[in-house]
Amino acid sequence: MKITIIGSGNIGSSLSYGLILRELAHEIVMIDINEELLIAKELELSQSIAAFNLDIKLVCTQDYAHTKNSDIVIFSAGFTRKEGQSREELLKLNSDILLTCAKEIKKFNPDPLFIILTNPVDLLLNILYQSNLFSSKKIIAMAGVLDNARFKYELAKKLNVKMPSIDTKLIGFHNDDMVLVKSHTRINGKNIDEYLNEEEFEDLENEVKTGGAKVIKYLKTSAYLAPSSACIRMIESIRSGEFLPMSIILDGKFGIKNKAFGMMARLSLEGVVEIMDIELSTKEKQKLELSLLKHHYRE
């Protein structure tokens with residue numbers, strides 16, 4: 001695969017390094033406006049490729065012509081969230097950057113699989129959809145895989161169990177209104193109710209929802225290793241056919257039409273190929289409806 005990454009900061013660099021380690025692309029193109037940063041990243045990453053003795057082409061450039069015939073384009077440019085700043089406050093800062101970059105990509109790539117990592121991912125995905133630049137099924141945003149990883153991490157830590165024994169699912173927005181699907185959460189095949197009572201689960205839910213804020217508090221910038229790993233997991237799922245949570249443009253599911261929302265879905269290079277049909281509990285449906293009302297997805 002040929003993969004283009006827009007933005008060579010912490011996330012873009014981590015993504016490139018992860019793609020190299022997992023040998024997921026035969027060519028990686030990194031785009032950025034900072035020429036010196038590009039030079040540094042090309043040196044570092046090219047030397048990493050040499051250290052592993054791999055046959056991977058790396059191009060770090062400001063010229064979008066090098067992105068031609070990309071199978072996947074990943075948008076990780078823009079401003080990161082600062083401590084105390086909401087994801088919504090980032091929208092004005094990052095929407096113009098997204099559309100400018102997407103229009104440049106369109107000149108050389110008619111309809112690639114386009115993945116957004118920059119926050120606020122759901123709102124930016126809506127903006128990209130409204131631009132009509134690419135097919136709705138081929139524009140997605142990474143958030144759910146990261147939130148689900150935080151869900152699994154908190155469960156493993158709390159219950160002292162191995163992560164591979166945990167099966168978690170979630171849907172919804174990449175913010176405090178995400179819906180952790182408790183009714184479909186399993187540990188060693190058993191329902192989570194056998195391990196946690198309602199109050200304990202709500203405490204854990206809060207830890208998951210504040211996972212990103214905790215990183216910002218101590219690192220003084222947004223998380224980048226875990227988000228990059230989550231995106232790489234999505235790319236790997238193209239081969240495995242695995243269902244993963246991701247923000248996609250819905251066409252009627254849960255009464256949501258032509259807007260971004262997190263669902264369990266399967267990917268191919270042609271975009272979203274299947275959405276998992278999840279039966280929610282009464283309480284989960286209530287949480288879902290409240291989140292949709294809050295985000296004006298319901299009249």
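## Close-up views of a predicted model

**View 1. Ser95 in helix α3.** S95 is found in helix α3, which spans residues 91-108. The model shown in every view is predicted. S95 has a relative accessible area of 12%, so it counts as buried. Setting aside residues up to four places away in sequence, S95 touches L124 and I127.

**View 2. The open sheet.** The sheet is open and has 9 strands. Their order is β3-β2-β1-β4-β5-β6-β12-β13-β14, and the pairing is mixed. The edges are β3 (57-61) and β14 (271-275). Each edge strand has a single partner, so one side of each is left without a neighbour in the sheet. Neighbouring strands of this sheet are turned by 35° against each other on average, with direction ignored. Strands of a sheet pair through backbone hydrogen bonds, in a parallel or an antiparallel way.

**View 3. Strand β1, covered on both faces.** Strand β1 takes in residues 2-6. Of its 5 residues, 5 are buried, so the rest of the structure largely encloses the strand. In a regular strand the side chains alternate between the two faces of the sheet. On one side of β1 are K2, T4 and I6. On the other are I3 and I5. Both faces are covered, and all of these residues are buried. β1 pairs with strand β2 (residues 27-31) in the parallel sense, over 5 bridges. In this pair, I3 stands opposite I28 of β2.

**View 4. Ser16 in helix α1.** S16 has its place in helix α1. Its relative accessible area is 0%, so S16 is buried. Leaving aside neighbours within four places in sequence, S16 is in contact with I5, I28, M30 and L45. I5 belongs to the β1 side that also holds I3. I28 is the β2 residue opposite I3.

**View 5. Helices α1 and α8.** Helix α1 (residues 10-22) packs with helix α8 (residues 225-240). The angle is about 45°, and the axes are 9 Å apart. The two helices are therefore oblique to each other. α1 passes α8 in a right-handed crossing. From α1, the residues that meet α8 are I11, S14, L15, G18, L19 and R22. Their counterparts in α8 are L225, P227, S228, C231, I232, I235 and E236.

View 6. Strand β5 (residues 113-116) runs parallel to strand β6 (residues 139-141), and 3 bridges join them. The bridge partner of I115 in β6 is I140. The largest nonpolar core has 78 residues. I74, F114, I115 and I116 have the most contacts inside this core. I116 is in contact with F75, L98, V121, L124, L125, L128, I140, A141 and M142, leaving aside its neighbours within four places in sequence. Another core lies apart from the largest one. This other core has 13 residues, among them M178, I187, L196 and V208. In soluble globular proteins, nonpolar side chains tend to be buried together.

**View 7. Val145 in helix α5.** V145 lies in helix α5, residues 144-159. Its relative accessibility is 7%, so V145 counts as buried. V145 touches A230, R233, M234, L244 and P245, not counting residues up to four places away in sequence. V145 and L45 are 100 residues apart in sequence. In space, these two are 25 Å apart, C-alpha to C-alpha.

Terms used: Residues are numbered from 1 along each chain as its sequence is written. This is a predicted model: local features need pLDDT of at least 70, side-chain atom pairs count only at pLDDT 80 or more; totals for chains, interfaces and linings use all residues. Side-chain values use heavy atoms; hydrogens and water are left out. Two strands pair if DSSP finds at least two bridges between them. Helices (H or I, at least four residues) and strands (E, at least two) are DSSP runs, numbered from the N terminus. Axes are lines fitted to C-alpha atoms, for helices over the stretch in contact, and angles run from 0 to 180 degrees between N-to-C directions. A nonpolar core is a set of buried Ala, Val, Leu, Ile, Met, Phe, Trp, Tyr and Cys residues joined through side-chain atoms within 4.5 Å. Buried means under 20% relative accessible area, exposed over 50%, partly exposed in between (1.4 Å probe, protein chains only). Contact means heavy atoms within 4.5 Å. Angles under 35 degrees count as roughly parallel, over 145 as roughly antiparallel, 65 to 115 as roughly perpendicular and the rest as oblique. A crossing is left-handed if the near helix is turned anticlockwise from the far one by less than a right angle, and right-handed if clockwise.
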